[in-house]
Amino acid sequence: MLDLRTLRIDAQRASIDGRVQVRVADQAASGKLALALPGGSAQVEGRIAPDSGSGEVRAAIDDAGTVQRWVQGLPGLSGVFGNAGAKGSAKLDASWQGGWRTIQRRLENPNAPAPRGVAEPSIKAALAVPRLELTLPSEQPGGTGTDVQVRNLQADLAGSLAQATLALKGEAATGTQKFDIDTRASGGIAGAGQWRAALASLKLQAQDSARPGAPWVLELGREVTATIRTASGNAPRLDVEASAASATLRGPVPGTVRIDWQPLRFSQSGAAPNRVFRVQSKGQLQGLPMAWAGAFGANTTLGEYGISGDLMFNGDWDIDAGDTLHAKARLARQSGDIRVQAGEAALVTRITSTGTGTASERTMNSASASGDAPSTPAGLRQAELRLDADGDAVRAVLAWDSERAGKIDADINTRVQQRAGGWQWAPDAPLGGNIKATLPNLGVWSMLAPPGWRIAGTLDANATLSGNRAAPRWNGTLGADKLALRAPVEGLDLRDGRLRATLTGERVEITEFTLKGGAGSSARIGGQSGNRSTAASEARTDGGTLSASGDLSWGPAAGGATGIRMAVQGQLRALRVLVRTDRQVTLSGDLQARLDNGQFTVRGKLRTDRAVIILPDETAPSLGSDVVVRSAAKDREAAEAAKREAARADAQAAKPQTARPPDITVEFDLGDDFAVQGRGITTRLEGNLEIRSTRLDAPPRITGEVKTVKGQYRAYGQQLDVETGIARFNGPFDNPALDILAIRPNLSQRAGVQITGTAQSPRVKLYSEPALSDAETLSWVVLGRASATSGGESALLQQAALSLLGKIGGASTGGSLASRFGLDELGFKGPGDGGDLRESAVTLGKRLSKDFYITYERSIGGTFGTLFIFYDLTTRLTLRGQAGQTSGLDLIYTVKYD
């Protein structure tokens, strides 16, 4: 007998205290030990004999992080946890009864009765984890680990080897996902190499805090029992058989899915690599809502695409996969229909306000604020997807039949192979089948177009599939009629389109594609600075045509480059692209686009036949740069977007980049009828620009020069002639160099406004020739004459004030009080030096033509008025007539000198 009445061991900041007694003759032992280590402790007390025994174990981890660091500090155990980490606490209380020989006998012969007077071995244990935080290492080198938090976990185990029960309850969280489990199970040894288990209840909840709504709840309907049999030796085998049962699944959106399954069987025999599996399962599900599609973790919901409805699905499966594969699975419409926000509904719902644009744009942008936009029912009659497998043959069948959303019939077949104990779809597996699609109204699917865009037309497709999985081959035809593409907010209106294409192997040939421009309005900028053509002639012409042809092919390519190749040629013939009342553009020209070896190339020459651009005199109010709007929903959305972008960047960095940057060069001729009006200017534009883009992450670069033709600019209450108006582009499209000179016409003194610098940093100054002071120049620009020797400054200030009155309420710089009365001049003439205030007068002026100007002057202190008429015979010779208290006729000749 070994009797250690006092035992103490100290090592590595840990200690063991207690006593131990071993009786070798009786094959028994007893003792009591206490373990203390940094961050934790344990106590063991008990006795063990061949046919009897009992004991207790109590262990506690007060600080899991301290325990981890202590273990890693032991010799040879520095890497036992890898890059994992732990924080928190846990507690275990356990007790047992039974002798060691009794346990051995039960393991060797579970069904043998226990000897008389020998107790059945049993165990009782309780584990409590109030809080435990684990950091699991990343599978990628240098990656960020996964944090898992376990809280309020309680596990209770009680019973014998033949029958034990387990109760488990607790919660776990990782990132924004949280899981709760509450389950009760039982099981034990049923015989040699045989185990028995039963799941009495199970309730599992899962919720993502980034997605509002109720949690996912999976609840077991009735008890599930399972039998596990194992055999070792030369022919190892594993057999698992589970009973029939049912469960329900509820989600964050309304709906409950019921799942029923028949007995499940799984078997595995043989040793690797010749291991053989067999799975048998049969069951059905009922009441799967279509609305759950966006709740299964998708980045976008069906509602964002304008799809809603009460469509419900039923499904069933029957699988027997072993040496021979037999499987059937089906998902079919049970009831309900889908609704799509098509036509005007799609237009209104998809537009979101950006805080800019014209008043009509802002009204349309806010039309969907309530989210109650109308929708169109698809009139669904059938929606079914079937998958059948028999041996190595696999067949998939899709049937979709609706009144408004079209009809699709697809039948695809292939073959699978049994390799490495499982079924695989090899790259060289043959493909076959056909697809027929008829869509009577493409407008139903307008939600797939960009926000605010609408599509219309009919589509028919008929194709057969051949080849193999790695190189599928399509043969058939694709046709569309009455195609239309509209974006009313942008002013795009293309209609009466037609498409004809053929599919041959790995190639699609577009034999015909045409679109016509929309109907023009009466928009026209009049006058010598406006459009050359009249609005009536523009409205009478058709909208022009866009025609294109080309081909698209795919397949393997050398050097790791993409196997997609494209060559498309397009022609625009007087195509009326924009048809808004304030924005009309008609284009002609040619475009060529190619994609080869990952290089996207565009070449083209475009010319404007006619353009009307009327700039709005108002801009929508917007928040200042110092205003910050906070939203919890937007913050969550921004955080998710940042995570997705980071993951996408990591994925892009991990794989080789074979695509080349685009090579886009388009020459653009503004033509001779490109008129612009607004913000004080009315002019035609002429010039040639080259638009070039060679980088995906940078805006296009523009080179060229744009000139004004007979432009007029209204400033300081006067109409100025733009003698020089040039914008030179040599880089960014939004910052051309400016060289603009606007002169007030028909004056003996050249005076006006000059603008230089760039569009983002312009320099504006008064201009006069010969040079005058700014006050004198301003007098010539505003009054059309030199300032008086006395009181002139006062008159000048009053005229400037009158000009500023035109800006009340945020009007543009082109407005004035005079223009509101249809006049070109409304001013005040002060007295001369030493003069009486009664000599002051109010002047009214109107330009009847380029060379003819009339002014009426009314004295404040007198009863008479004077009418002046100015007619420019030449640039130096002017005829002036005066009628009133004093009448006369003058011929004025102007000589300029420095």
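A574 is found in strand β35 (residues 565-580), where strands are DSSP runs of E with at least two residues and helices are runs of H or I with at least four, both numbered from the N terminus. Phi of A574 is near 50°, a positive value in a residue other than glycine. The model is predicted: local features need pLDDT of at least 70, side-chain atom pairs count only at pLDDT 80 or more, and totals for chains, interfaces and linings use all residues. Residues are numbered from 1 along each chain as its sequence is written, and side-chain values use heavy atoms, with hydrogens and water left out.

**Backbone geometry**

- A574 has 34% relative accessibility and therefore counts as partly exposed; buried means under 20% relative accessible area, exposed over 50%, and partly exposed in between (1.4 Å probe, protein chains only).
- N152 also has a phi near 50°, a positive value in a residue other than glycine.
- Strand β8 (residues 146-160) is the place of N152.
- N152 counts as exposed because its relative accessibility is 54%.
- Between E769 and P770 the peptide bond is cis, with omega near 0°.
- P770 of this cis bond sits in the loop between β45 (762-769) and α7 (774-783).

**Nonpolar surface patch**

- V842, L844, Y856, L867 and I869 make a nonpolar surface patch of about 330 Å².
- Two or more residues of the nonpolar patch come from each of β47 (841-847) and β49 (865-872).
- Y856, one of the patch residues, lies in strand β48 (residues 852-859).
- With a relative accessible area of 33%, Y856 is partly exposed.
- Patches are made of residues with over 30% relative accessible area and no salt bridge; like charges are joined within 9 Å, and nonpolar side chains (Val, Leu, Ile, Met, Phe, Trp, Tyr) within 5 Å.
- Accessible areas come from the Shrake-Rupley method with a 1.4 Å probe, and for residues only the protein chains shown count as cover.
- A salt bridge is a side-chain nitrogen of Lys or Arg within 4 Å of a carboxyl oxygen of Asp or Glu.

**Three-stranded sheet**

- An open sheet is formed by three strands in the order β19-β22-β23, with antiparallel pairing; two strands pair if DSSP finds at least two bridges between them.
- β19 (307-309) and β23 (376-377) are the edge strands, each pairing on one side only.
- Three bridges join β19 to strand β22 (residues 338-340) in the antiparallel sense.
- I307 has V340 in β22 as its bridge partner.
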